[in-house]
Amino acid sequence: MNHGTIHSSQASSTPGSSVVARPRPSFSGTTVDKVAIEERVGALAKRSIKKQAKVAGLKLTTSMIDLTTLEGKDTPGKVRALCAKARRPLASDPSIPACAAICVYPNMVPVAKEALAGSGVHIASVATAFPSGQSPLDIKLDDVRRAVDFGADEIDMVIDRGAMLSGDYAKVFDEIAATKEACGPAHLKVILETGELGTYDLVRRASEIGIAAGGDFIKTSTGKVQPAATPAVTLVMLECIRDHYLATGKKIGMKPAGGVRTAKQALHYLVIVKETLGDAWLTPDLFRFGASALLNDVLMQLEKERTGNYAASDDFSKE
Amino acid sequence: MDSANPFHASTGTAVPANATNGTSHGASVASGTSPGKPALDFGAAWEYAPAPEARDHVKIDPRYELFIGGKWQAPASGSYFPTINPSDESQLSEVAEANEADVDKAVKAARHAYEKTWSKMPGAERAKYIFRIARAMQEKARELAIVETLDGGKPIKESRDVDVPLASAHFFYHAGWADKLHYAFQGRKARPLGVAGQIIPWNFPLLMAAWKIAPALACGNTVVLKPAETTPLTALLLAKICQEAELPDGVVNIVTGAGKTGAALAGHGDVDKVAFTGSTGVGKRIQRAIAGSKKRLTLELGGKAANIVFADAPLDQAVEGVINGIYFNQGHVCCAGSRLLIEESVHDVFVAKLKDRLRTMRLGDPLDKNTDIGAINSRMQLDRIKELVASGEEEGLDRFSAPCELPSKGFWFPPTFFTGVAQTSRIAREEIFGPVLSILTFRTPDEAVEKANNTMYGLSAGVWTDKGAKIFWMAQKLRAGVIWGNTFNKLDPSSPFGGYKESGFGREGGRQGLASYVELDG
């Protein structure tokens, strides 16, 4: 890979971009070997997580879930039900923590805000013409500002994958930086949509841009594109977060989203986090799962550990 | 590369003490141990619970006899020796010690089986037996893995995922050749040699037995195998499998014992072929002992492999390759990448990454499924490792050992590396056969080749770079039997394995491996 810098001359081509004070970085030139990184996550998948480690890991997982609904058919009723589930995932077991956040479209933010008042559960809204991002920047920024005005305290943006693939890294950087500014106090998660980037090398580069441009979190996927989150792509992004931390002392968060459906998968991700970034990242402040079906599988496994038996799927509320 | 680049994992970069990621979500200030220098904390926030593989269904007999002529026979010597679990020094069983008379009996049984049945049997028929052995090994994979781990100390995840599947794969692979030898040596007739005397080491007891027995049988030879004295059990389980597969009596004979038993086997007048895997010292003694005799010889001996990492390599994956190269099986690997040659410009970054990676390694109960580093195979080997590590310290080299707590019983050594090692250091020249890596630097590809080849050994090497052409250029210049590109310690029955220089001669595996067990006409 070439160790290119992002040329600022390209920024003028971005319609509606605001002045960006953040310096654009040069790339590290870090490359990723596909075979070897997949082998590494494969080895970590063999960790055996049993008994108290499993219970602790699954409770931690619950606290890291951004419980998500991103459908055209979403309604206030559906969102309220999801919020109730996020506040108290299993009524019969108060030791199971609340989810980290609810993740919805901007129009559903006011509903979620009301339903989650006083709960400590964050409200994440997707924005920036999610999921494609194929709209003019000023519209994307307006999307962000409105979601924040509605009460979102976390914004999940999408990068311009077309710009990323065509090599217009300055555009990608500038849009993220502008979105960060539009977020105001809200926390920014930068969705790379890794399933569209094609190589781990490009995932690494997009991660570097997302972090340098001001993302508080980097996130794999919208959930609308296959493949969504994979362990290998997550490890690539965690390694980028680690290198940034070791160089600057700043801790960036990570959110795999889409495709994480089972408790076993979630524990595999936690193993990858534990053995790549260590204890400091084993917190919802720095690691999240973007998921919907995952929560019930986690609850089922927790009930199994508590009672010794598997419950029926209808024993858990479906939202 | 730009040292001010925020994406470099340079640990030397100064960090503002109040650095935060600026969110309202409690994202925290860098909290390292030394102020201003960010450090990863691999602590106890989320501990894995013990996950031991159950061993209650595995039955180890209190005593094993010799397996000669298809029967379990008490040794003429009348003596037995204990085999222990190196992770807690408890005795697992006791095993017969074969003396010269026992070895003679085993060779006679092998000769008889060779002349009466095995050499006359069509290849397709031989293949059936070998396939049967391969399948039985798969069926008993769990038992074999547990016994391998108990007797040798290696982590269960390695015996389960590497040793046993590969051993079985060797039988499958060679079974396929048994009726196709004509195609292996086109236009020439391949005849078996006769009785093979095979002596194997303690680092991969079952796998080495498979490497030796499978090609010998496929080519129509019969064998007398002597497993290592510290790890005889899985070879004896393999003998049981041969019985269950109804392999004709005497085709495979297992004689247990130490060096004297091995010497008796290699020196026996009616052995046609000697195959030895082990130390270079013993290999030389065997070569001297059989010089001038009719015996054919293959030797697979020690190594001091260079794992060469260029600055343009994918460094995080290279770290994994280096870890796997030297700490796999506690470094008890003849092809271990025991010398890291790192391009000087990325030395500091790479060493920092290695240190972080070593902090996550889990040393302990070899039967625990999460154990990365098991027990050292024997007290003798532990003493050897300690002696060489002490020599590195006396030379003033910088040592880093993973902060593992060592169990109070058994033989243990933490994963360790030395930086600042010179070509002249003992730990750069002598095979340690333990979890100890010597790190040297180079500046140019030519220098890397010169240093990599500057050893009495030549078994394996690894090259890590993003440039394909550089791998091929290096591979042409490196004098090693196996060269891995952007990977390490990958073994396959179809790929010939063997050494240059004092790492031995002859190849095992692949078509080339068959050549060591046949005589060719025309």
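Glu193(A) is buried, since its relative accessible area is 0%. This comes from a predicted model, and the residue makes a handy starting point. Glu193(A) is not a glycine, yet its phi is positive, at about 50°. As for where it sits, Glu193(A) belongs to the loop that links β5 (187–191) and α8 (200–212) of chain A.

Phe433(B) has a relative accessibility of 17%, and because buried means under 20%, it counts as buried.

Loops of chain A also hold two cis peptide bonds. One runs from Phe130(A) to Pro131(A), with omega near 0°. Pro131(A) is part of the loop between β3 and α5 (137–150) of chain A. The other cis bond goes from Gln226(A) to Pro227(A), and its omega is near -5°. Here the proline, Pro227(A), lies in the loop between β6 (217–219) and α9 of chain A.

Next come the strands. Strands of a sheet pair through backbone hydrogen bonds, and they can do so in a parallel or an antiparallel way. In chain A, strand β2 (residues 101–104) pairs with β3(A) in the parallel sense, over four bridges. Within that pairing, Val104(A) has Ser125(A) of β3(A) as its bridge partner. Strand β3 itself covers residues 122–126 of chain A, and four of its five residues are buried, so the rest of the structure largely encloses it.

Over in chain B, three strands make up an open sheet with mixed pairing, in the order β1-β5-β4. Its edge strands are β1 (63–64) and β4 (80–85) of chain B, each of which pairs on one side only. Strand β4(B) is joined by six bridges to β5 (residues 90–96) of chain B, and the two run antiparallel. Along this pair, Pro82(B) stands opposite Glu94(B) in β5(B). A helix packs on this sheet as well: α3 (residues 141–152) of chain B touches β4 and β5 of chain B, and its direction makes about 100° with that of β4(B).

Chain B also contains an open sheet of seven strands, again with mixed pairing, and the order here is β14-β15-β16-β13-β12-β17-β18. The edge strands are β14 (398–401) and β18 (482–485) of chain B, with each one pairing on one side only. From one strand to the next, the twist averages 20°. Further in, β12 (residues 306–309) and β13 (residues 339–343) of chain B pair in the parallel sense over four bridges. There, Ile308(B) stands opposite Leu341(B) in β13(B). Helix α14 (residues 445–453) of chain B lies across β12, β13 and β16 (436–442) of chain B, and it runs at about 170° to β13(B).

Thr416(B) is in strand β15 (residues 416–419) of chain B, and it counts as buried because its relative accessibility is 0%. Beyond its neighbours within four places in sequence, Thr416(B) is in contact with a list of residues that includes Tyr327(B), Leu358(B), Phe400(B) and Val436(B). Thr416(B) and Arg429(B) are 13 residues apart in sequence, and their C-alpha atoms are 17 Å apart in space.

The largest cavity holds about 210 Å³ of space. Its lining is made of 19 residues, and those nearest its centre are Glu239(A), Arg242(A), Asp316(B), Glu320(B) and Arg357(B). The elements giving two or more residues to this lining are α1 (34–44), α9 (231–248) and α10 (263–276) of chain A, along with α10 (315–327) and α11 (347–359) of chain B. By type, the lining residues split into nine charged, seven nonpolar and three polar.

Helix α10 of chain A is also where His268(A) lies. His268(A) counts as buried because its relative accessibility is 16%, under the 20% cut-off. With neighbours within four places in sequence left aside, His268(A) is in contact with Val41(A), Leu44(A), Ala45(A) and Pro231(A).

Note on methods: Residues are numbered from 1 along each chain as its sequence is written. Chains are lettered from A and ligands numbered from 1 in the order in which they are written. This is a predicted model: local features need pLDDT of at least 70, side-chain atom pairs count only at pLDDT 80 or more; totals for chains, interfaces and linings use all residues. Side-chain values use heavy atoms; hydrogens and water are left out. On a 1 Å grid over the protein atoms alone, a cavity is a set of points where a 1.4 Å probe fits but cannot get out, and a pocket is an open set with protein on both sides within 12 Å along at least five of seven lines; lining residues have an atom within 4 Å of a point. Grid points are joined across faces, edges and corners, and a volume is the space filled by probe spheres set on the points. Ala, Val, Leu, Ile, Met, Phe, Trp, Tyr, Cys and Pro count as nonpolar, Asp, Glu, Lys and Arg as charged, and the others, Gly among them, as polar. Two strands pair if DSSP finds at least two bridges between them. Axes are lines fitted to C-alpha atoms, for helices over the stretch in contact, and angles run from 0 to 180 degrees between N-to-C directions. Contact means heavy atoms within 4.5 Å. Buried means under 20% relative accessible area, exposed over 50%, partly exposed in between (1.4 Å probe, protein chains only).
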